[in-house]
Amino acid sequence: MKIAVSSSGNNLDSQIDPRFGRCAYFVVADTENMNFEAFDNESIALGGGAGIQAAQFVASKGAKAIMTGNVGPNAVKTLAAAGVEVFVGQNGTVREALERYRNGALQSTSTPNVADHYGMGGSTGSNGASGGGMGRGMGRGMGGGMQGASPSSTIPTSGTDEVNQLKDQVRQLREQVKKLESKLGN
């Protein structure tokens, strides 16, 4: 099966790029034999719609799944429409992520784990002032991420939506624990 991975480089030993729509490369690998192709992400410089364009590109390459750090709502919808499974919260190398997939250690999600960005900023408020914009922070990026779960605390939702997302996360985590226990013989 072909799986795409958002990558900072063009080979299996490259680090996963946590950005889906604006990653540097997509590495598309066959999980049967680990043969792969690397593609420059031409959506990286788009002012808006990078996630949608990236999702369409991944689907056009025949990928049945995407492994990445973060994915927004428009990309999730586009990937779902194309029948591409989404695995968020990935880190490490492309090869490590593919191995996790091959070992059945991951759970796909149908929900985004970041809010909609509307391109590179520029939403206009009711007073006509420009809001949004790109962050220029100097964070160290030391967070470990969540393997296989879709953290949704960054998405503004209603109370009911948030409860449903949390219930979905609990269900996914329980399924992962069951798989791990069965592998351990418990």
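Reader: Let's start with Arg95. Is Arg95 buried, partly exposed or exposed?

Author: Happy to take that one. In this predicted model, Arg95 has a relative accessibility of 34%. Buried means under 20% and exposed means over 50%, so Arg95 counts as partly exposed.

Reader: Which side chain does Arg95 meet in a salt bridge?

Author: The general idea is to look for a side-chain nitrogen of Lys or Arg within 4 Å of a carboxyl oxygen of Asp or Glu. Here the partner of Arg95 is Asp13, at 3.0 Å from N to O. Asp13 itself is exposed, with a relative accessible area of 52%.

Reader: Where in the chain do Asp13 and Arg95 lie?

Author: Asp13 sits in the loop between strand E1 (2-7) and strand E2 (25-30), while Arg95 belongs to helix H3 (residues 94-102). They are 82 residues apart, and the pair links distant parts of the chain.

Reader: How many salt bridges does the count come to?

Author: Three. Another of them joins Asp17 and Arg19, with 2.8 Å between the closest N and O atoms.

Reader: Now for the rings. How many aromatic pairs does the structure hold?

Author: There are four. One of them is Phe87 with Tyr101, whose ring centres are 5.5 Å apart and whose planes stand at 85 degrees. To name the geometry, check the angle: planes over 60 degrees apart count as edge-to-face, and that is the label for Phe87 and Tyr101.

Reader: Which parts of the structure does the Phe87 and Tyr101 pair tie together?

Author: Phe87 is in strand E5 (residues 85-87) and Tyr101 is in helix H3, so the pair ties together parts that are 14 residues apart in sequence. Phe87 is buried, with a relative accessible area of 3%.

Reader: Which residues do ring pairs link into a cluster?

Author: That cluster is made of Phe20, Phe26, Phe39 and Phe57. You can pick out these four in the structure above and follow the ring pairs that link them.

Methods. Residues numbered from 1 in each chain as written. Predicted model: local features only at pLDDT ≥ 70, side-chain atom pairs only at ≥ 80, totals over all residues. Heavy atoms only, no water. Helix = DSSP H or I, 4+ residues; strand = E, 2+ residues; numbered from the N terminus. Buried < 20%, exposed > 50% of the residue type's maximum accessible area, 1.4 Å probe, protein only. Phe/Tyr/Trp six-rings, centres within 6.5 Å; stacked < 30°, edge-to-face > 60°.
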